[in-house]
Amino acid sequence: MPTAGPVALEERLLRLETQDIARRVQRSGEGVLRWLSDARARAENAVIAYTLTRTIRRVLDEANDYETAGRLFDRFRTATHTGRYGFFNPMSSAPTGEGGAWSSTAEIAHWEDIEDEGEPDAEPPVPKDPTLFYVPGCGFILPPSPAQVALAFRLGEACGCETVIARHRLAPEHPFPAAIHDLADRYAALLASGQRPERIVVAGDSAGATLVLSMLLELRARKLPMPAGAMLFSPWADLAMRGWSYISKSLSNDSPFRMETAAFSARLYLGEALPTDPRASPLYASLAGFPPMVIHCSRYDMHFDDAVGLAERAREAEVAVQMNYWDSPRHHLERFRSRDADRSLALAGDFAQGLIAQER
């Protein structure tokens, strides 16, 4: 659960390490090279934090003019989805809509209805291989970027799985729990297509990891069979943001996100729900009956307290869990091409392949 301070967090982390649940992964590189990599990461974090804060302020400044605010938000979404996000001025001009972009906020908020191939309502084919059911993290309000989609397929390759990008409706047009219901429906459709749950591994990053956990709660409520396992990267499990890392990392460049940007996304997603609702913030839920889980996070990530808390909640529920963490100033370090990212994907791949091998 949320920590009282950094000392309490260190004690809890040590307890998890003693129980062989948490493990610090040795980073690649030494000396000057690692220092340069960390310096670059912190510089990128500062730019991203500035850009996100500036974007949100522009939207809020126009909050009373819904047409203008919507247009700004639309540009932000389209720039993210097409990979044209400009760090210093992401909304200085509207993208042209080329490359599969949608032309309006309403359309992009329904991105789950637009399939890569075939008709939107066509029955999905039965996967020939084990399936990675991946939910990209986009703060509940943005479509995934091309880099995020590419990462999901890299992870699927490491796991020996066919990757399915799990689409869902976006907030604020469709607030909680719409996305959760969409994901549970898509998982149920995958089962109905003939795929066995023992051949499915679910995964997500940041807010996507939140939705994965919330989906598992929904599957449990519907009495649907659980997948073989779950992989969570930099999970955001407490939308109330009560952990100490939310405060400490908001005051540094160790994380690209700040409490105000996270609060903006959480508020749009929650609608009228409380941030401590266990279905929205899985840190407050019982994880009984969940499949085996692996959690990857950076020690300097704003969501690190949540990762520790999830490992504890899993242990309390007698769910098999392994938490791997890095001393890296990168949020969701798997997004970046590096030896550390390769190591993380390899560990996740070993986890997934081990589960699938057991099923066989």
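Tutor: Contact means that heavy atoms lie within 4.5 Å. This is a predicted model: local features need pLDDT of at least 70, side-chain atom pairs count only at pLDDT 80 or more, and totals for chains, interfaces and linings use all residues. Residues are numbered from 1 along each chain as its sequence is written, and side-chain values use heavy atoms, with hydrogens and water left out.

Student: Which residues is Glu17 in contact with, leaving aside its neighbours within four places in sequence?

Tutor: Ala22 and Tyr325.

Student: What makes the link between the side chains of Glu17 and Tyr325 a polar contact?

Tutor: The value is 2.3 Å. A polar contact is a pair of N or O atoms within 3.5 Å; within protein, one must be able to donate a hydrogen and the other to accept it, and residues adjacent in sequence count only if both atoms are side-chain atoms.

Student: Why is Glu17 called partly exposed?

Tutor: Its relative accessibility is 29%. Buried means under 20% relative accessible area, exposed means over 50%, and partly exposed lies in between (1.4 Å probe, protein chains only). The 29% of Glu17 falls in between, so it counts as partly exposed.

Student: Where is Glu17 found?

Tutor: In helix 1, residues 6–18. Helices (H or I, at least four residues) and strands (E, at least two) are DSSP runs, numbered from the N terminus.

Student: How do you know that strand 2 is mostly covered?

Tutor: Five of its five residues, 131–135, are buried. Thr131, Phe133 and Val135 are on one side, with Leu132 and Tyr134 on the other. Why two sides? In a regular strand the side chains alternate between the two faces of the sheet.

Student: What makes strand 2 and strand 3 a pair?

Tutor: Two strands pair if DSSP finds at least two bridges between them. Strand 2 and strand 3 (residues 162–165) have four, in the parallel sense, so they pair. Tyr134 stands opposite Ile165 in strand 3.

Student: How many bridges join strand 2 and strand 4?

Tutor: Five, again in the parallel sense; strand 4 covers residues 200–205. Val201 in strand 4 is the bridge partner of Leu132.

Student: Why is the unit of strand 2, helix 5 and strand 3 called right-handed?

Tutor: A crossover is right-handed if, with the strands pointing away from the viewer, the path from the first strand over the helix to the second runs clockwise. Strand 2, helix 5 (residues 146–159) and strand 3 make a right-handed β-α-β unit, so this path runs clockwise.
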